[in-house]
Amino acid sequence: MSQPVQVFKILPTVQQYDWGKLGTSSKVAVFAQSAGIVDFHVDESKPYAELWMGTHPKSPSLIPASRETLTSYLARNQVLMGEKVSHKFGAEDGNLPFLFKVLAIEKALSIQSHPDKATAEKLHTQQPDIYKDPNHKPEMALAITPFTALCGFLPLAQIATYLANVPELSALIPRAVLEKFSGVAPATDSNAPAAKQALRDVFSAVMTAPTDAYTTQLAMLIERYEAGAVHAEEECVRELVLCLNTQFPDDIGTFCAFLLNYVNLSPGEAIFLGAGEPHAYISGDIIECMANSDNVIRAGLTPKLRDIPNLIGTLTYTAAPASRHVVKPLPFSATSSSTLYDPPISEFSVVSMALTPGQTETHRPIAGPSIAIVTRGNGKLRWGNDSLDVAQGEVIFIGADTAIDLFATSDEKRLEIYRAFVEV
């Protein structure tokens with residue numbers, strides 16, 4: 001039996017969620033135009049939110065010539081997965097352990113978290129129409145343009161500062177809960193059970209506040225901010241609060257600006273969100289990689305179903321600076337052209353590569369499958385005696401144990417590629 005081709009192009013899929021950027025202002029739309037998707041045409045009035053690359057059953061990538069799903073093809077050609085990956089992740093059915101995406105964010109995504117494996121299995125059994133798979137969904141966001149997000153709970157002392165200076169926020173929380181939180185906030189160990197419980201009580205009080213109470217307090221907050229009556233301690237989130245209220249008027253999720261870290265990432269910077277970490281992406285374009293799941297527990301800033309009890313019940317309540325979530329870039333190869341982002345989970349890592357015209361880069365064999373997307377320029381991939389020309393927007397599958405050489409062939413633009421992989 002002949003061996004399958006080790007490197008080949010695949011067709012990604014497009015998701016048009018309301019929060020996506022419109023038309024060709026979206027990198028998702030721009031990349032999709034060049035990816036070879038049959039009958040894909042950009043409508044400048046429609047949002048293009050996500051480009052999916054992988055085997056998730058909701059929207060699997062396809063083999064261009066045959067229109068076969070990548071899942072089915074990999075199930076028939078297990079050598080492309082690698083024996084160790086197939087064994088560890090049960091990937092004999094062709095399901096990759098990761099899902100690779102591009103996101104183009106015009107307005108905020110929901111206040112959300114993702115379940116751990118045990119919780120995902122439970123939710124999928126109980127509500128399969130909402131939680132459509134039994135897998136966990138740790139994820140990493142890598143900025144390719146300036147990117148803003150809420151991620152993880154603020155340090156307790158910073159939350160206490162907001163509670164003392166934002167009367168509209170503290171008005172939503174019972175006095176006993178406030179007093180208990182004030183008692184533990186100065187503690188040095190924010191991971192102590194009492195500190196976690198106090199934070200949970202504050203968050204729960206805010207997210208379950210009666211509608212008439214939070215809409216009244218939010219209106220007062222917006223009126224005060226628009227009038228310029230802002231305490232110095234609030235200035236750093238004033239514009240965020242006004243923006244969120246414009247996008248989602250009268251939404252309790254806006255108050256999360258006072259409870260979660262607000263981060264501004266430059267291109268090349270990345271954050272990792274593990275199970276049970278509250279977050280919301282606000283704006284920008286990112287490369288995103290996650291375990292192969294679409295499970296999301298939402299609680300605010302969304303027209304979709306809100307599952308506040310499960311969100312409150314499954315968070316870690318770890319309070320820490322945003323730096324806790326930052327993924328430190330590392331060298332991937334002997335040169336400085338490839339950078340590794342390696343979060344603390346086994347399902348995936350991501351390599352970014354940037355080559356100037358005429359430059360060459362070699363990637364060692366990886367003991368697992370990869371998916372790569374060209375985000376800028378033109379180039380050529382070579383492996384063994386074979387080669388493949390690639391251009392912006394095209395998506396490539398690279399089989400396990402395949403060494404590749406990458407060449408930037410454009411005379412004007414550098415070649416930029418992001419490659420997700422799993423290796424055991």
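Visitor: How many helices and strands does the protein have?

Guide: The protein has 11 helices and 23 strands. Helices (H or I, at least four residues) and strands (E, at least two) are DSSP runs, numbered from the N terminus. This is a predicted model, where local features need pLDDT of at least 70, side-chain atom pairs count only at pLDDT 80 or more, and totals for chains, interfaces and linings use all residues. Residues are numbered from 1 along each chain as its sequence is written, and side-chain values use heavy atoms, with hydrogens and water left out.

Visitor: What share of the residues is buried?

Guide: Buried means under 20% relative accessible area, exposed over 50%, partly exposed in between (1.4 Å probe, protein chains only). Here 57% of the 424 residues are buried.

Visitor: How do I read a sheet?

Guide: Strands of a sheet pair through backbone hydrogen bonds, either parallel or antiparallel. Two strands count as paired if DSSP finds at least two bridges between them. Look at the open sheet of four strands, in the order β17-β22-β19-β20, with antiparallel pairing. Its edge strands, β17 (360-363) and β20 (386-391), each pair on one side only.

Visitor: How many bridges join β19 to β22?

Guide: Four bridges join β19 (residues 378-383) to β22 (residues 404-408). Find G379: it stands opposite A408 in β22.

Visitor: Which residues of helix α4 are buried?

Guide: In α4 (residues 117-126), the buried ones are T119, A120 and L123. They lie on the same side of α4, because they cover an arc of only 100° around the axis. That arc is taken from the directions from the helix axis to the C-beta atoms. The face turned away carries the exposed residues A118, K122 and T125. The cover over the buried residues includes β13 (297-300) and α11 (308-314).

Visitor: Which residues other than glycine have a positive phi?

Guide: R67 is one of them, at about 65°. R67 sits in the loop between β5 (50-53) and α2 (70-76). R67 is partly exposed, with a relative accessible area of 38%. D401 also has a positive phi, near 65°. Look for D401 in the loop between β21 (395-398) and β22.

Methods. Contact = heavy atoms within 4.5 Å.
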